[in-house]
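Please keep the sequence and the three-dimensional view at hand while reading.

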Amino acid sequence: MDMIPDEDKEFLRNRFRQELENTVTIIAFTRKAEGLDRPGLECEFCKETEQLVEELAELSDKITIESRKYSPDDQLVQDLAIDKIPALIVRSDNMKGVRFFGIPGGFEFTSLVEDIIDVSRNSTGLSEKVKQRIKGIDEDVHIQVFVTPTCPFCPSAVRVAHQMAIENP
């Protein structure tokens, strides 16, 4: 059974066709490497997260998926500071990208779609004044937004945090 309904797929296919500019890669850490699996500690929602991003990638040739097994010894895991799964990194050749931990379901699905578009454009819909203030930040800032799938306010917080990361990686 598909996670994205057919009518939503058609809407997204058209939107991606009109709005995506550059190729976006979604790096999906959704499985543990051999030897890390222990009974009772399986990755909750990894299977569903894989299916969700695969369905998204089918909607545009500008969305690619790089599926990775999680291992704390993996250099990319260390470089991206991945410490839990499922984890998604939405990035393009021009930028480091934004991160999701957990399945971007419920209201968060919209955040994922909007992030894909912004990353593809390497720009956001923020005002020029706000963009300039964000670009003026010259030190690392670690922003974490914790969400629940049923919170209607969480996607706005996620979007603002991700827009800031896109404007000043």
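Does N122 count as buried, exposed or partly exposed? N122 counts as partly exposed, because its relative accessibility is 30%; buried means under 20% relative accessible area, exposed over 50%, and partly exposed in between, with a 1.4 Å probe and protein chains only. The model is predicted: local features need pLDDT of at least 70 and side-chain atom pairs count only at pLDDT 80 or more, whereas totals for chains, interfaces and linings use all residues. Residues are numbered from 1 along each chain as its sequence is written, and side-chain values use heavy atoms, with hydrogens and water left out.

- N122 is placed in the loop between α4 (108-121) and α5 (128-135); helices (H or I, at least four residues) and strands (E, at least two) are DSSP runs numbered from the N terminus.
- Leaving aside neighbours within four places in sequence, N122 is in contact (heavy atoms within 4.5 Å) with N94, M95 and I166.
- N122 and E7 are 115 residues apart in sequence, and their C-alpha atoms are 28 Å apart in space.

- K9 belongs to helix α1 (residues 6-19) and is buried, with a relative accessible area of 10%.
- The side chains of K9 and D2 make a polar contact of 2.7 Å; such a contact is a pair of N or O atoms within 3.5 Å where, within protein, one must be able to donate a hydrogen and the other to accept it, and residues adjacent in sequence count only if both atoms are side-chain atoms.
- Beyond neighbours within four places in sequence, K9 is in contact with D2, I4, E55 and L59.
- D74 is found in the loop between β2 (63-70) and α3 (75-79), and counts as buried because its relative accessibility is 18%.
- The side chain of D74 makes a polar contact with the side chain of R68 (2.7 Å), and a polar atom of the D74 side chain lies 2.8 Å from the backbone nitrogen of L76.

- Not counting residues up to four places away in sequence, L56 touches I4, L12, F16, I63, F109, L112 and I116.

**Pockets**

- On a 1 Å grid over the protein atoms alone, a pocket is an open set of points where a 1.4 Å probe fits, with protein on both sides within 12 Å along at least five of seven lines; lining residues have an atom within 4 Å of a point.
- The largest pocket has a volume of about 1500 Å³.
- Its lining holds 41 residues, of which R99, H142, I143, Q144 and H162 lie nearest the centre of the pocket.
- The largest share of that lining, 6 residues, comes from β4.
- The second largest pocket has a volume of about 150 Å³, and its lining residues include M3, I4, P5, L52 and F109.

Technical notes:
Points joined across faces, edges and corners; volume = space filled by probe spheres on them.
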